[in-house]
Amino acid sequence: MNTYKILSLDGGGSWALIQAKVLLDLNRENGDIRGHELLRQFDMAIANSGGALVLACLCNDMKLSEIIAVFKDEDKRKQVFTRLTFLDKLKWRNLISVFTRALGPRYNTEKKLTGLQNLLKANDHLYQTRGRYIVDETLNDLPAIIGKPDLQIVIAGFDYFRQRVSFFRSNANSLTNQFSANYFKISLGYAIHSSSNAPVNYFDAPAEVNISLLTSIDNRKTWYWDGAVAGFNNPVLAGLIEAITNNYKDPKEYYILSIGTGAPSKAVLTDYKDSDNPVTRAIFKNNKDNPLAITDTSFGFTKDLTKLAKSILGDPPDSASFIAYSILDPSLSNKANLIRINPCITPVKNIDGKYVTPSVYLSMKGGESKFQTLIEMDMDAVEDKQVNLINEFCDKFIASTDLNGITNQLIRGEEGKVHLGQPYYYIAKEKWLNCK
């Protein structure tokens, strides 16, 4: 069978550490491989935000262990997440962050670009032999450098002024781009900068990037927010459409590895409050003051804005994966080779109907507090104590079993019921390894 393999990497800031650790575990039979060797296993790599940084590190030909080390280094994280100074906050666009910690930007967009470039240049294994940094290469030149000229690289961004998604591609001849008169070149560094620029509660301005026409001398500037703003925090659907458009095959020939950055979700019980079912109302009452459940049904302007700012990072219940899966297998028979790997940070319901910390955390010292911190943690985890929790959580996810562990995000359904996807990592891993 002439298969077509796609690697899809979600956004999620520092939580993208999970992607690097999963890729290392999936490739253990080959050892601690370098990025180019891994990318040559695929026909396409598509990414957004934090996942785009993982992709950039792979393009740098870094070992998977080195990528993990970058995400675990607090100094390197702070190069990307550079806090706004008090003077920065006094700028009109940032002023709200002076008065409230719940709303408003926290990080400097311009300094992020410098941080990303410095980080990638310091870890470029090819510079000494090539004399040019990978981060400065345009996307259309990368496949040949990686050693697979037909590899498609796609990175998502949101055009600030046109108010629509932009896909930065390595394939200048992509049929999905035929409706535009021009193909714009963009460097890897600028593409990552654009894609990793979440607005409102995170970065303080759209990413200003340089682009140029492929066929003539015409350099321009344009501005971007994170691709998640357009609904592509999980870019798997865009990747599948790009592949089908340019490389149409039988649906059975597409093999997709889609890796998320963790799916934190408290038990949402807001609709239980006024239920006609007394058992359902009892569950609501049992969890009224439970920090692991959402029972508050109040609204407010600040609360609404905060929700909107954070909602771009979510995809409940993973609609992109479901739509992509439906294209490959309209019968929804759970036979399509779309493997979704994304650890769930969710409480479990006990026999009394109360949502509690999973047993894998209850059995460890301080586990309940650790789990509570994880489920509340935002994507911009910068401090070592935060990333250490993510690292530990990922280790538990990779080691999980049916009896005691962290569940994997299903494409559709609930654990123990009819579903699409694999409920635990080890099952998803086995299916992917059988696709190789």
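I began with helix α11 (residues 188-195) and found eight of its eight residues buried, so the helix is largely enclosed by the rest of the structure. I note that the model is a predicted one. The buried residues of α11 include Tyr190, Ile192 and His193.

I next looked up helix packing. The axes of α1 (residues 17-26) and α4 (residues 64-71) come within 9 Å and cross at roughly 160 degrees. I therefore recorded α1 and α4 as roughly antiparallel to each other, and their crossing as left-handed.

Arg106 and Asp380 form a salt bridge, with the closest N and O atoms 2.5 Å apart. Arg106 lies in the loop between α7 and α8 and Asp380 in the loop between α17 and α18, so the pair ties together parts that are 274 residues apart in sequence. I found both Arg106 and Asp380 buried.

Glu242 meets Arg169 in a salt bridge at 2.9 Å, N to O. This pair links helix α12, which holds Glu242, to strand β4, which holds Arg169, 73 residues apart. I noted relative accessible areas of 4% for Glu242 and 9% for Arg169; Glu242 is buried, and Arg169 is buried.

Within helix α5, I located Lys78 and Glu74 four residues apart, about one turn of the helix. Their side chains meet in a salt bridge of 3.0 Å, N to O. Lys78 is partly exposed at 34%, whereas Glu74 counts as buried at 18%.

Last, I checked the surface and found a nonpolar patch of Ile241, Ile323 and Ile327, with about 220 Å² of accessible area together. Ile323 lies in helix α15.

Technical notes:
Residues numbered from 1 in each chain as written. Predicted model: local features only at pLDDT ≥ 70, side-chain atom pairs only at ≥ 80, totals over all residues. Heavy atoms only, no water. Patch = residues over 30% accessible without salt bridge, like charges linked within 9 Å, V, L, I, M, F, W, Y side chains within 5 Å. Areas by Shrake-Rupley, 256 points an atom, 1.4 Å probe, with all protein chains shown as cover. Salt bridge = Lys/Arg side-chain N within 4 Å of Asp/Glu carboxyl O. Helix = DSSP H or I, 4+ residues; strand = E, 2+ residues; numbered from the N terminus. Axes fitted to C-alpha atoms, helices over the stretch in contact; angles between N-to-C directions. Parallel < 35°, antiparallel > 145°, perpendicular 65-115°, else oblique. Left-handed = near helix turned anticlockwise from the far one by under 90°. Buried < 20%, exposed > 50% of the residue type's maximum accessible area, 1.4 Å probe, protein only.
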